[in-house]
Amino acid sequence: DTLFRGQAELAGRLTQLSENNQNSQNRIAEAINEQKLSVLKIMDEKLLAVTKSVGDGLQQSTAKTTETLHDLRERLSEQVVSLQEVLSNKQARGAFGEIQLNDLVTSALPPSAYAFQVVLGNQKRADCVLNLPNPPGMIVIDSKFPLESYQALRNAQTDREKVEAERFFRASVLKHIKDISEKYIIPGETAESALMFLPSESIYAELHSNFTDVVEVSYRSKVWIVSPTTLMATLNTVRAVLKDARMREMAGVIQKEVGSLTEDISRLDDRIESLSKHFDMASRDIGDIKVSSGKISRRIDRIEDIQLGNDKTPVGVEHLAS
């Protein structure tokens with residue numbers, strides 16, 4: 001009975017312990033679930049806040065970008081309209097080309113190498129001149145902008161319009177070449193060639209791609225056609241020529257100075273030789289003076305001896321002369 005009672009009591013305790021353990025596990029699970037739910041809730045709130053912040057930022061950024069693009073579009077439209085207005089006016093278009101020419105030249109060459117709006121001996125005014133040593137001498141650059149003929153060429157639709165536009169474009173460029181050749185190539189004053197500046201890469205490309213006959217005429221006329229890109233390359237070559245000429249000039253100056261220095265050294269050698277001769281003569285004279293001084297001292301000593309009666313030798317002319 002005691003054993004059965006002990007077993008029953010142990011079984012009851014084990015059952016109670018198991019129930020307590022189960023209850024503890026249930027409470028722990030509930031606490032963990034509550035904690036998970038709390039963490040998930042916090043994460044949801046944070047994620048929602050971040051999402052809202054990102055959404056607001058994107059919305060503001062989109063609105064700002066749209067506003068910026070709108071402003072940029074308006075400014076570009078204004079600039080395009082302004083450029084079209086400039087290019088539609090022949091005088092303004094000429095000024096546009098001259099300003100571009102001015103910017104390219106001043107950025108590539110020293111001020112002493114160029115001048116603008118120069119009146120030549122034939123009273124023709126050149127847009128720009130490059131001051132180069134002879135040869136080649138002074139080179140004239142004239143800005144030309146055959147925009148109307150180029151636009152007609154671009155806008156031509158039918159074959160007839162294209163033929164007429166090509167004829168118009170060819171005639172415009174040939175006239176510019178002829179004017180530059182006659183006005184800005186002056187024997188004895190300018191170089192044997194001149195430059196025609198086209199401030200448009202597209203016109204330059206069109207000319208060299210589809211109007212090679214016009215380019216050949218420019219070669220024969222010694223009028224070299226340049227665009228902004230090729231003009232910059234030409235100006236860099238001019239700068240190298242000027243630098244080489246300056247170096248040759250300085251080499252001549254240095255050579256002249258070396259020649260003068262050689263002459264000065266030769267004169268110095270002569271004067272040193274003359275001075276050396278004077279020193280030799282002075283040295284001999286000093287030796288002679290020492291000899292004479294010694295003789296005078298000895299005679300004075302003898303005279304004193306004679307006066308004192310120390311010298312027993314009769315004084316004669318020969319003795320005194322010795």
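**A salt bridge and its surroundings**

Mentor: Start with Glu192 and Lys222, which form a salt bridge with their closest N and O atoms 3.8 Å apart (the term requires a side-chain nitrogen of Lys or Arg within 4 Å of a carboxyl oxygen of Asp or Glu). The pair links distant parts of the chain, 30 residues apart. Glu192 sits in the loop between H4 and strand S4 (194-197). Lys222 sits in the loop between helix H6 (212-220) and strand S5 (223-226). Helices and strands here are DSSP runs numbered from the N terminus, with at least four residues of H or I for a helix and at least two of E for a strand.

Before going on, note that this is a predicted model, where local features need pLDDT of at least 70, side-chain atom pairs count only at pLDDT 80 or more, and totals for chains, interfaces and linings use all residues. Residues are numbered from 1 along each chain as its sequence is written, and side-chain values use heavy atoms, with hydrogens and water left out.

How open are the two partners? Glu192 counts as exposed because its relative accessibility is 60%. Lys222 has 38%, so it is partly exposed. The cut-offs are under 20% relative accessible area for buried, over 50% for exposed, and partly exposed in between, with a 1.4 Å probe and protein chains only. As for the pairing, side chains of opposite charge can pair when their charged atoms come close.

Now bring in Ile185. It lies in the loop between H4 and S4. Its relative accessibility is 19%, so Ile185 counts as buried. What does Ile185 touch, leaving out residues up to four places away in sequence? The list runs Ile180, Thr190, Ala191, Glu192, Ser193, Ala194, Ser221, Lys222 and Val223 (contact means heavy atoms within 4.5 Å).

Ile180 is the next step. It belongs to helix H4 (residues 159-184). Ile180 is buried because its relative accessible area is 0%. Beyond four places in sequence, Ile180 touches Asp142, Lys144, Ile185, Ala194, Leu195, Met196 and Val223. Leu195 stands 15 residues from Ile180 along the chain, and 8.2 Å separates their C-alpha atoms.

The side chains of Lys175 and Asp179 meet in one, at 3.0 Å from N to O. Lys175 and Asp179 are four residues apart in H4, about one turn of the helix. Asp179 counts as buried because its relative accessibility is 17%.

The other joins Glu164 and Arg160, at 3.4 Å from N to O. Glu164 and Arg160 are four residues apart in H4, so about one helical turn separates them. Arg160 is exposed at 65%. Glu164, at 41%, counts as partly exposed. The structure holds seven salt bridges, including the link from Glu192 to Lys222.

Glu206 is found in helix H5 (residues 201-210). At a relative accessible area of 9%, Glu206 is buried. Setting aside residues up to four places away in sequence, Glu206 touches Tyr150, Leu153, Arg154 and Phe211.

From the N terminus, the elements run α-α-β-β-β-α-α-β-α-α-β-α-α. The chain has 322 residues, and buried ones make up 22% of them. Take contacts between residues at least 6 apart in sequence: 59% of them join residues at least 24 apart. The accessible surface comes to about 23,100 Å², and carbon and sulfur atoms account for 57% of it. Accessible areas come from the Shrake-Rupley method with a 1.4 Å probe; for residues, only the protein chains shown count as cover.
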